Amino acid sequence: MSEPRAYKIPESVLVVIHTPALEVLLLRRADAELFWQSVTGSKDHPHESFYDTAVREVREETGIDALAPGCVLRDWQLENVYAIYPQWQHRYAPGVWRNTEHLFSLQVPEGTPVVLNPREHTAFAWLPWREAAERCFSPSNAEAILMLPRFVGQSS
């Protein structure tokens, strides 16, 4: 007998990683080569906090320790609720069509090394924040990047 399938929890994080100069890290998805995005990921279990999810996903996807000296993880206290893209619907339980995404930013020191998880991403780029927003495939990700100066206390 096979084990029951583990579906993704429809609660996730979006973490906009940036330098003090607002250079934003974008990742190219391995399963969709034209899709550039910030770090995203679902909770591992229902009781995992969004904060812990953000720390874990940043480490898994980029190798960056969000709690390291010089890093500042900010919880924006904002959420997006969106329809799950059809190509990823199979990852969720039947009847689950929407995901709630909690927003964070992570300021890292200039020159922070990035080590990608090759199962998830094939390339990365550090881009000025406006250019990064233009490259994102997800409108909610682009919008979060455009809000970045406000959340880190810099004028645009």
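1. Let's start inside. The largest nonpolar core in this predicted model has 21 residues, and Val24, Leu26, Ile145 and Leu148 have the most contacts inside it. A nonpolar core here is a set of buried Ala, Val, Leu, Ile, Met, Phe, Trp, Tyr and Cys residues joined through side-chain atoms within 4.5 Å. Buried means under 20% relative accessible area, exposed over 50%, and partly exposed in between, with a 1.4 Å probe and protein chains only. At least two residues of this core come from each of S1, S2, strand S7 (121-128), helix H2 (129-135) and helix H3 (139-151). H3 supplies the largest share, 5 residues. Helices (H or I, at least four residues) and strands (E, at least two) are DSSP runs, numbered from the N terminus.

2. A word on ground rules. Residues are numbered from 1 along each chain as its sequence is written, and side-chain values use heavy atoms, with hydrogens and water left out. As this is a predicted model, local features need pLDDT of at least 70 and side-chain atom pairs count only at pLDDT 80 or more, while totals for chains, interfaces and linings use all residues.

3. Back to Leu148. Setting aside neighbours within four places in sequence, Leu148 is in contact (heavy atoms within 4.5 Å) with Val16, His18, Leu22, Val24, Trp76, Ser105 and Trp129. There is also a second, separate core of 18 residues, which includes Leu25, Ala54, Val58 and Ala66.

4. You'll find Leu22 in the loop between strand S1 (11-18) and strand S2 (23-29), and it counts as buried because its relative accessibility is 3%.

5. Gln77 is another non-glycine residue with a positive phi, near 55 degrees. Gln77 sits in strand S5 (residues 72-83) and has a relative accessible area of 60%, so it is exposed.

6. Now look at Leu14 in strand S1. It is buried, at 1% relative accessibility. Leu14 and His102 are 88 residues apart in sequence, yet their C-alpha atoms are 6.1 Å apart in space. Not counting residues up to four places away in sequence, Leu14 touches Ser38, Val39, Thr40, Glu101, His102, Leu103, Phe104, Ser140, Asn141 and Ala144.

7. Ser38 is in the loop between strand S3 (36-37) and strand S4 (39-42), and at 0% relative accessibility it is buried. Beyond its neighbours within four places in sequence, Ser38 has contacts that include Leu14, Val15, Leu26 and Ile145.

8. On to the largest pocket, with a volume of about 790 Å³. On a 1 Å grid over the protein atoms alone, a pocket is an open set of points where a 1.4 Å probe fits, with protein on both sides within 12 Å along at least five of seven lines; lining residues have an atom within 4 Å of a point. Grid points are joined across faces, edges and corners, and the volume is the space filled by probe spheres set on the points. Of the 34 lining residues, Lys8, Arg29, Thr40, Gly41 and Arg91 are the closest to the centre.

9. Which element gives the largest share of that lining? The answer is H1, with 4 residues. By class, the lining has 10 nonpolar, 11 polar and 13 charged residues; Ala, Val, Leu, Ile, Met, Phe, Trp, Tyr, Cys and Pro count as nonpolar, Asp, Glu, Lys and Arg as charged, and the others, Gly among them, as polar.
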